[in-house]
Amino acid sequence: HEEHLPKLDVQILAGAIKDISWDFEGKRIVVVGDGLQAPECGRVIQWDTGVKCGDLAAHARKKGTSCAFKPSRPMRIATGGGEDASVFFHKGPPFQRIVGDDVVSEKCHERGAVHSLRYNRDGTILASVGTDGNVCFYDGKTMGLIKKMEKVHKSSIFACAWNRTGSHL
């Protein structure tokens, strides 16, 4: 638009963007989607400069479907895979995948895609939903699995959202 010129025009991913999430400070954006031939399917950038803020783990076939920024410190990012039924957790900045004994719940979903990841209002709980009809709840800071509700829906669950107080999904 001639009256409202963009501050920054950058190609973030090689393919389609599936989800985007801002950090609680309004300084960083996480984007996930199809990586195609690129080595990554997600990226965290500073909104005003386009500078990359760490490396996000690539999901199977370089397809990410959902992302969520924790709305409080310590900063965490969760990304959901498009074909590997996994949720990867990242800490930062600079952001890097949490691996090893710290995370035991990356494969909470049984099959397909993780369609939606959302933190509650204070960032204490993260919810994920996907193709398998399951809902998984994770601790917002440690990323440990709190509860898995199986077959909540007969088929895929494509989205989730918390109520205003963060007590109901």
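**Cysteines, cores and strands in an all-strand model**

At 0% relative accessibility, Cys 67 counts as buried. I begin with this residue, and I shall return to it. Please bear in mind throughout that we are looking at a predicted model.

The protein chain contains 11 strands and 0 helices. Read from the N terminus on, its elements therefore run β-β-β-β-β-β-β-β-β-β-β. The C-alpha trace spans about 50 × 35 × 35 Å along its principal axes. How does the radius of gyration of the protein chain agree with that of a compact globule? For 169 residues, a compact globule would have a value near 15 Å, and the chain has 16 Å, so the two agree.

Of the 169 residues, 48% are buried. The chain exposes about 9100 Å², of which carbon and sulfur atoms supply 51%. If we take the contacts between residues at least 6 apart in sequence, 46% of them join residues at least 24 apart.

I now turn to the cysteines. How many disulfides does the structure hold? There is 1 disulfide. Cys 108 and Cys 136 form this link, with their sulfur atoms 2.3 Å apart. That distance is within the 2.5 Å cut-off, so the pair qualifies as a disulfide. The angle about the S-S bond is -90°, and the link of Cys 108 and Cys 136 is left-handed. Where in the chain do the two partners lie? Cys 108 sits in the loop between strand S7 (96-97) and strand S8 (114-119), while Cys 136 belongs to strand S10 (residues 135-139). The link thus joins distant parts of the chain, 28 residues apart. In general, a disulfide is a covalent bond between the sulfur atoms of two cysteines.

Are these two partners buried or exposed? Cys 108 has a relative accessible area of 6%, and because the limit for burial is under 20%, it is buried. Cys 136, with 0%, is buried as well.

What of Cys 41? The closest cysteine sulfur to that of Cys 41 is in Cys 67, 10 Å away, which is too far for a bond. Cys 67, for its part, is in no disulfide, and its nearest cysteine sulfur is that of Cys 41. Cys 41 has 1% relative accessibility and counts as buried.

Next, the nonpolar cores. The largest has 13 residues, and those with the most contacts inside it are Ala 78, Val 87, Phe 89, Leu 117, Leu 126 and Tyr 138. Strand S6 (87-91), S8 and S10 each supply at least two residues of this core. Which strand gives the most? S8 does, with 3 residues.

Leaving aside residues up to four places away in sequence, Val 87 touches Ala 78, Thr 79, Glu 106, Val 114, Leu 117, Ser 128 and Tyr 138.

Val 30 leads us to strand S2 (residues 28-33). In S2, 6 of the 6 residues are buried, and the strand is mostly covered. Both of its faces are covered: Arg 28, Val 30 and Val 32 are buried on one side, and Ile 29, Val 31 and Gly 33 on the other.

What are the pairing partners of S2? Strand S1 (residues 17-22) pairs with S2 in the antiparallel sense over 5 bridges. Within this pairing, Asp 19 stands opposite Val 32. S1 and S2 form a hairpin with 5 residues between them, and Gly 26 in the turn has a positive phi of about 75°. S2 also pairs with strand S3 (residues 42-46), again antiparallel and over 5 bridges. There, Val 30 has Val 44 as its bridge partner.

Finally, I come to the open sheet. It is formed by 4 strands in the order S4-S5-S6-S7, with antiparallel pairing. Strand S4 (64-69) and S7 are the edge strands, each pairing on one side only. Inside the sheet, 5 bridges join strand S5 (residues 76-81) to S6, and the two run antiparallel. One of the pairs across these strands is Thr 79 with its bridge partner Phe 88 in S6.

Conventions:
Residues numbered from 1 in each chain as written. Predicted model: local features only at pLDDT ≥ 70, side-chain atom pairs only at ≥ 80, totals over all residues. Heavy atoms only, no water. Buried < 20%, exposed > 50% of the residue type's maximum accessible area, 1.4 Å probe, protein only. Core = buried A, V, L, I, M, F, W, Y, C linked by side-chain atoms within 4.5 Å. Contact = heavy atoms within 4.5 Å. Rg over C-alpha atoms; globule rule 2.2 N^0.38 Å. Areas by Shrake-Rupley, 256 points an atom, 1.4 Å probe, with all protein chains shown as cover. Pairing = 2+ DSSP bridges.
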